[in-house]
Amino acid sequence: MNQPIELSLEQEFSIRSFADQVQHMSREQAQEFLINLHEHMLLRENMYKYFIKHEWGLDSNSTSR
């Protein structure tokens, strides 16, 4: 695992597109957007945790494998 993790060309394009959109936002729009983005990041984190617990059998409802 000596290779650095890099973004794909598609991801780099997505970042550039995102940057262009943000440049045209007002301060209020940007603040609302960041709050919404943070909420979605937390929801995604909770989904990852749920899926990992379920897949590894760590949730209280799972049966022993």
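Biologist: What share of the 65 residues counts as buried?

Modeller: 2% of the 65 residues of the protein count as buried, where buried means under 20% relative accessible area, exposed over 50% and partly exposed in between, with a 1.4 Å probe and protein chains only. This is a predicted model, in which local features need pLDDT of at least 70 and side-chain atom pairs count only at pLDDT 80 or more, while totals for chains, interfaces and linings use all residues. Residues are numbered from 1 along each chain as its sequence is written, and side-chain values use heavy atoms, leaving out hydrogens and water.

Biologist: How many helices and strands?

Modeller: 2 helices and 0 strands. Both kinds are DSSP runs numbered from the N terminus: helices are H or I with at least four residues, strands are E with at least two.

Biologist: Why is the protein called more spread out than a compact globule?

Modeller: Its radius of gyration is 18 Å, well over the 11 Å that the globule rule gives for 65 residues, so the protein is more spread out than a compact globule. The radius is taken over C-alpha atoms, and the rule is 2.2 Å times the number of residues to the power 0.38. Along the principal axes, the C-alpha atoms fill a box of roughly 55 × 35 × 15 Å.

Biologist: Now the rings. How many aromatic pairs does a search of the whole structure find?

Modeller: The search finds 2 aromatic pairs. Rings of Phe, Tyr and Trp (its six-membered ring) pair if their centres lie within 6.5 Å; planes under 30 degrees apart count as stacked, over 60 as edge-to-face and the rest as tilted. Phe18 and Phe33 form a tilted pair, 5.5 Å centre to centre with 40° between the planes. Phe18 lies in helix α1 (residues 9–23) and Phe33 in helix α2 (residues 27–56), so this pair ties together parts 15 residues apart in sequence.

Biologist: Is Phe18 buried, exposed or partly exposed?

Modeller: Phe18 is partly exposed, at 37% relative accessibility. Phe33 is also partly exposed, at 28%.

Biologist: And how are Tyr50 and Phe51 arranged?

Modeller: Their ring centres are 5.6 Å apart and their planes at 65°, so that pair is edge-to-face. Tyr50 is partly exposed at 49%.

Biologist: Which helix gives the most to the nonpolar patch?

Modeller: α2 does, with 3 residues, one of them being Leu37, which is partly exposed at 34%.

Notes:
Patch = residues over 30% accessible without salt bridge, like charges linked within 9 Å, V, L, I, M, F, W, Y side chains within 5 Å. Areas by Shrake-Rupley, 256 points an atom, 1.4 Å probe, with all protein chains shown as cover. Salt bridge = Lys/Arg side-chain N within 4 Å of Asp/Glu carboxyl O.
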